[in-house]
There are 2 protein chains.
Amino acid sequence: MKIIRSIEKMSDFSKTLMRKGKSIGFVPTMGALHEGHLSLIRKARTDTDWVVVSIFVNPIQFGPREDFKKYPRSLKQDTRLCSKEGVDVIFYPDTKQMYPAGYKTYLTVQELSDCLCGKSRPGHFKGVTTVIMKLFNIVRPDIAYFGQKDAQQAIIIKKMAADLNTPVRIRIMPTIREREGLALSSRNIYLNTEERKEALVLSQSLKLAKRLIRAGRTDAAWIIRNMRRLILEKKKARINYIAIVDAENLKPISRITDRCLIALAVWVGKTRLIDNIIID
Amino acid sequence: MKIIRSIEKMSDFSKTLMRKGKSIGFVPTMGALHEGHLSLIRKARTDTDWVVVSIFVNPIQFGPREDFKKYPRSLKQDTRLCSKEGVDVIFYPDTKQMYPAGYKTYLTVQELSDCLCGKSRPGHFKGVTTVIMKLFNIVRPDIAYFGQKDAQQAIIIKKMAADLNTPVRIRIMPTIREREGLALSSRNIYLNTEERKEALVLSQSLKLAKRLIRAGRTDAAWIIRNMRRLILEKKKARINYIAIVDAENLKPISRITDRCLIALAVWVGKTRLIDNIIID
């Protein structure tokens with residue numbers, strides 16, 4: 001397994017592979033790898049000739065009061081995990097290379113970026129789409145893999161790729177959960193034992209919603225009220241948002257008939273957690 | 001020579017060429033080709049294995065009161081010219097394919113897009129960078145060619161390509177002029193005989209500036225005043241802007257010491273013309 005730190009070298013390497021007719025599967029990450037990331041890597045491993053994983057904690061997708069500085073970094077363990085999964089290349093650039101002085105270019109996916117998580121994290125998705133476009137241009141993958149856990153991100157990246165005609169197929173893979181239901185996230189490490197227990201309420205509230213819909217309930221506001229009630233039973237939980245939206249355009253829906261996304265963000269202590277399900 | 005109208009076909013075609021190790025030279029245009037475009041095509045012809053010219057009048061770079069509808073279109077003549085110059089592929093997509101309903105993704109190069117032409121044409125450069133990124137993703141060229149006549153566009157595209165790590169080299173080629181100095185532009189067709197004569201004042205004022213600088217003048221404001229005086233002698237000329245700026249960051253400079261760009265936009269009758277020189 002190669003670890004490439006230079007943008008230029010990564011770019012040359014990809015070009016060589018491409019010229020040889022090799023396909024590249026790409027898993028962009030911010031490191032602190034968990035089973036969710038590994039599921040993407042395994043999928044890439046079966047789909048494509050070469051697997052590239054990028055590890056880059058992207059400063060421009062963090063707000064000024066967010067956790068950029070304390071975001072978990074664990075290169076050694078990440079390297080071990082990647083190597084074990086048969087990753088061919090870890091691309092590990094530094095911030096100065098990615099955003100040199102005088103950096104000025106940004107991508108925005110209008111509307112989709114302003115709601116849900118985008119509302120409480122202004123600029124977040126602009127940071128995500130910008131770094132993903134940069135990484136696509138450097139790594140030039142055939143297929144790139146993202147997790148359904150970041151539902152809004154997945155929808156925005158698919159939209160960006162389609163709108164900009166990027167020659168990259170986007171694959172969204174299912175959320176990986178702990179046995180009790182907690183969606184895997186690098187940020188779960190911030191939770192203490194009590195918070196970790198309370199954090200189960202995110203997936204529990206989604207299960208509740210699913211049950212209610214299965215039972216024939218279609219009033220989105222009523223379902224949200226029930227989710228809210230369940231979450232507010234937890235001492236340390238503070239709801240950021242609960243939303244039932246169209247799974248394509250992210251517009252709120254009042255009556256559940258078609259494919260919809262139920263998404264929520266909840267602060268548990270000082271940690272903001274997200275989760276979602278798609279109802280078909 | 002092939003004419004390809006479908007994005008998918010163009011994309012597949014480029015991929016095939018790339019896999020064969022062929023290099024692609026790309027000249028993106030809005031059609032109404034003149035000697036300026038042809039000079040780019042000739043350069044591409046000598047640099048690369050395959051030459052692709054796109055012809056697409058990009059609606060999103062026109063303001064609501066600008067000349068999108070009446071912008072000259074001359075596909076037949078353009079095709080003849082391209083064929084004569086040994087172009088391999090004309091890529092000629094339609095607007096519905098390029099911007100399908102629900103299109104949402106835009107690129108911005110901050111600061112550089114807001115001054116000079118960007119000031120009187122808000123959103124113009126956002127439209128330009130967005131379409132160029134789309135075209136780069138579809139055509140996947142090794143080198144793309146632009147004219148120095150659109151100086152600000154050239155600087156912005158170079159910045160965008162560098163910032164986003166696009167695997168495309170950007171080459172800027174010199175402005176082509178008529179014998180009397182008028183910079184070639186598809187919009188020159190709008191000028192009547194009298195206006196065409198008066199339009200010479202753009203290049204004349206740039207020559208004047210160059211002469212003054214050669215003579216040791218370094219006060220940018222004083223040079224601009226002299227250019228202004230010359231232009232105002234023309235009955236039909238209305239100055240949009242005259243600027244002396246840093247040739248990299250487009251910031252105004254007051255004293256000419258280093259490499260600078262002298263750029264101007266002038267309305268002659270109902271036609272807005274631009275021109276520029278770089279002083280080394």
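Trainee: Which residue just after helix 9 of chain B takes a positive phi?
Mentor: That is Gly216(B), with a phi of about 105°. Keep in mind that this is a predicted model.

Trainee: What span should helix 9 of chain B have, and what are its end C-alpha atoms doing?
Mentor: Helix 9 of chain B covers residues 200-214, which is 15 residues. At 1.5 Å a residue the helix should span 21 Å, and the end C-alpha atoms are 21 Å apart, so the two agree.

Trainee: Which residues of helix 9 of chain B are buried?
Mentor: Val201(B), Leu202(B), Ser203(B), Ser205(B), Leu206(B) and Ala209(B).

Trainee: I clicked on Ala237(B). Where is Ala237(B), and is Ala237(B) buried or exposed?
Mentor: Ala237(B) lies in strand 8 of chain B. Ala237(B) counts as buried because it has 20 C-beta neighbours inside 10 Å. The cut-off for buried is 20 or more.

Trainee: What is Ala237(B) in contact with, leaving aside its neighbours within four places in sequence?
Mentor: Glu198(B), Val201(B), Ile231(B), Val266(B) and Val268(B). Val201(B) is one of the buried residues of helix 9 of chain B.

Trainee: Now a loop residue. Is Pro64(B) buried or exposed?
Mentor: Pro64(B) counts as exposed, because it has 6 C-beta neighbours inside 10 Å. Pro64(B) is found in the loop between strand 3 (50-55) and helix 3 (75-84) of chain B. Pro64(B) and Asp114(B) are 17 Å apart in space, C-alpha to C-alpha, and 50 residues apart in sequence.

Trainee: Back to backbone angles. What is phi of Leu116(B)?
Mentor: Near 45°, a positive value in a residue other than glycine. Leu116(B) sits in the loop between strand 5 and helix 5 (117-120) of chain B. With 25 C-beta neighbours inside 10 Å, Leu116(B) counts as buried.

Trainee: What about phi of Asn165(A)?
Mentor: Phi of Asn165(A) is near 55°, again positive in a residue other than glycine. Asn165(A) lies in the loop between helix 7 and strand 7 (169-173) of chain A. Asn165(A) is buried, with 22 other C-beta atoms within 10 Å.

Trainee: Staying in chain A, how many residues of strand 2 are buried?
Mentor: Six of the six residues of strand 2 (residues 24-29) of chain A are buried. Ile24(A), Phe26(A) and Pro28(A) are on one side, and Gly25(A), Val27(A) and Thr29(A) are on the other.

Trainee: Which strands are joined to strand 2 of chain A?
Mentor: Six bridges join strand 2 of chain A to strand 3 (residues 50-55) of chain A, and the pair runs parallel. In that pair Val27(A) stands opposite Val53(A). Two bridges join strand 2 of chain A to strand 6 (residues 143-147) of chain A, also parallel. There Gly25(A) stands opposite Ile143(A).

Trainee: What unit do strand 2, helix 2 and strand 3 of chain A make?
Mentor: A right-handed β-α-β unit, with helix 2 covering residues 35-47. In chain B, strand 6, helix 7 and strand 7 make a right-handed β-α-β unit as well.

Trainee: Next, the two chains. How many residues does the contact take from chain B and from chain A?
Mentor: 28 residues from chain B and 28 residues from chain A. On the side of chain B, the elements that give two or more residues are helix 1 (7-19), strand 5 (105-109), helix 6 (124-139) and helix 7 (151-163). By class, that side has twelve nonpolar, eight polar and eight charged residues.

Trainee: How many bridges join strand 5 of chain A to strand 5 of chain B?
Mentor: Five, and the two strands run antiparallel. Thr108(A) stands opposite Tyr106(B) there.

Conventions. Residues are numbered from 1 along each chain as its sequence is written. Chains are lettered from A and ligands numbered from 1 in the order in which they are written. This is a predicted model: local features need pLDDT of at least 70, side-chain atom pairs count only at pLDDT 80 or more; totals for chains, interfaces and linings use all residues. Two residues are in contact if their C-beta atoms, placed from the backbone, lie within 7 Å. Helices (H or I, at least four residues) and strands (E, at least two) are DSSP runs, numbered from the N terminus. Ala, Val, Leu, Ile, Met, Phe, Trp, Tyr, Cys and Pro count as nonpolar, Asp, Glu, Lys and Arg as charged, and the others, Gly among them, as polar. Two strands pair if DSSP finds at least two bridges between them. A crossover is right-handed if, with the strands pointing away from the viewer, the path from the first strand over the helix to the second runs clockwise. The expected span of a helix is 1.5 Å times one less than its number of residues. A residue is buried if 20 or more other C-beta atoms lie within 10 Å of its own, exposed if 12 or fewer, and partly exposed in between; C-beta atoms are placed from the backbone.
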